[in-house]
Amino acid sequence: MTVFHHAAYQDHEQVLFCSDPSVGLRAIIAIHSTALGPAAGGCRMHPYANEDDALADVLRLSQGMSYKNAVAGLPLGGGKCVIIADPTTPHKADLLRAFSAHVQALHGRYWTAIDVGVGPEDADVLAEGCDYVFARASAYEPGFNPSFFTSRGGFVGLRAVAEFLWGSDDLRGRRFAIQGLGQTGGDLARQLFEAGAELVVSDVCEERVRDAVSRYRATPLDPEAIHAAAVDVFVPCALGGVISDETLLEIQARAVCGLANNQLVEPRHGAELARRGIAYVPDYVVNAGGMMGASTAILNDLTREQALVRIDGLFDTILSILEEAKASGRPSSDVADARAEQRIARGRAT
Ligand code: NAD
């Protein structure tokens, strides 16, 4: 395993390998950049097959957080951590507590939060011995799901797509195919329905599909076919890797804009979408609402209401990325990456 020569190293500022033999902790913290502010990004707990896989994941995710926070205009850098463990282990709380000591030792250079395998209640466990944890369950009123920030950003993004495609953000009668009706996709379906849109939906969980059909008069579609639905916009809100050589050929929608992370199997698929005339909203841009909302815990001067206003600002960001891509003939994914890199470089220079 190499770090400095790793394909995903990308000039990370700091990579820390953390252990605590008393509880069997093995974890990696990757801080990609603090040029714009403290590095912020969630903590993933996953039983990686080996350390190489864990390193590759944390480096990729950490750089992604730098780009997301930069394009979102947040005064935050990018970082991420992975704990190599099964999140169903009965020793989960011990691992989290041991890990949090490593985050605390960084004195705020890196703030951690939730991710796959680590939920808002787990974040409260992390916060028992660490001052640098956000998106904790106890930070919100009972019943509030911070994923709302993300789904609101998704709705704003889809309005921007409508403005780009049709010159109006009115979603009445527009057709959307939503893949995945979980925390984000389910709430996005509600917002689209309330705005008068027509929905085609899929989920591997049949109950969620039935619920959307009855609540939002949605048309159900097989999970294998949802990307190929004859709609205006394909909205991936489940897993990553949905834009591949195979699915690309079958997409009928004029745009792809959804909240799932890492939608492109490879960066070249962004260029391929552009070549086929499909407007693509880079995933890390449209799903930044979650970070914008949850980061109020880091940015003490930002209220929830101000965070919602910031999320509404994604409309202009997304519209301008799509317009710049169209005017320059470059893929929107490249336009967004360049904006992130420029903002980070400016931050480094000051
Ligand atoms: P979730 O687990 O609540 O929902 C995902 C849904 O997708 C589930 O209902 C699941 O059954 C369904 N699903 C799984 N495989 C599917 C398939 N092949 N076809 C159709 N449906 C399938 O997750 P979530 O929090 O809604 O997150 C969804 C995506 O958004 C993830 O990629 C996540 O990384 C990303 N994201 C979420 C947030 C957030 O605030 N929750 C923030 C940023 C990014």
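Guide: Below we cover the ligand, a pocket and aromatic pairs.
Guide: This is a predicted model, where local features need pLDDT of at least 70, side-chain atom pairs count only at pLDDT 80 or more, and totals for chains, interfaces and linings use all residues. Residues are numbered from 1 along each chain as its sequence is written, and side-chain values use heavy atoms, leaving out hydrogens and water.

Visitor: Which residues come nearest the ligand?
Guide: Thr150, Thr184, Asp203, Arg208 and Ala238, out of 20 residues around the ligand. Being around it takes a heavy atom within 4 Å.

Visitor: Which polar side-chain atom lies 2.7 Å from a ligand oxygen?
Guide: One of Thr150. In the side chain of Arg208, an N or O atom is 2.5 Å from a ligand oxygen. For Ser147, an N or O atom of the side chain is 3.0 Å from a ligand nitrogen.

Visitor: How much of the ligand does the protein bury?
Guide: The protein buries 73% of the 830 Å² that the ligand exposes when taken alone. Those areas are Shrake-Rupley values with a 1.4 Å probe.

Visitor: What classes make up the shell around the ligand?
Guide: 8 nonpolar, 10 polar and 2 charged residues. Here Gly counts as polar.

Visitor: New topic. How much space lies in the second largest pocket?
Guide: About 260 Å³. A pocket is an open set of points on a 1 Å grid over the protein atoms alone, where a 1.4 Å probe fits, with protein on both sides within 12 Å along at least five of seven lines; lining residues have an atom within 4 Å of a point.

Visitor: Which lining residues are closest to its centre?
Guide: Phe164, Ala274, Gly277, Ile278 and Ala279, of 17 in the lining. The lining divides into 10 nonpolar, 4 polar and 3 charged residues.

Visitor: And how many aromatic pairs?
Guide: The structure holds 9. Ring centres must lie within 6.5 Å; planes under 30 degrees apart are stacked, over 60 edge-to-face, the rest tilted. Trp111 and Tyr132 have ring centres 5.4 Å apart and planes at 80 degrees, so they are edge-to-face.

How values were computed
Grid points are joined across faces, edges and corners, and a volume is the space filled by probe spheres set on the points. A polar contact is a pair of N or O atoms within 3.5 Å; within protein, one must be able to donate a hydrogen and the other to accept it, and residues adjacent in sequence count only if both atoms are side-chain atoms. Rings of Phe, Tyr and Trp (its six-membered ring) pair if their centres lie within 6.5 Å; planes under 30 degrees apart count as stacked, over 60 as edge-to-face and the rest as tilted.
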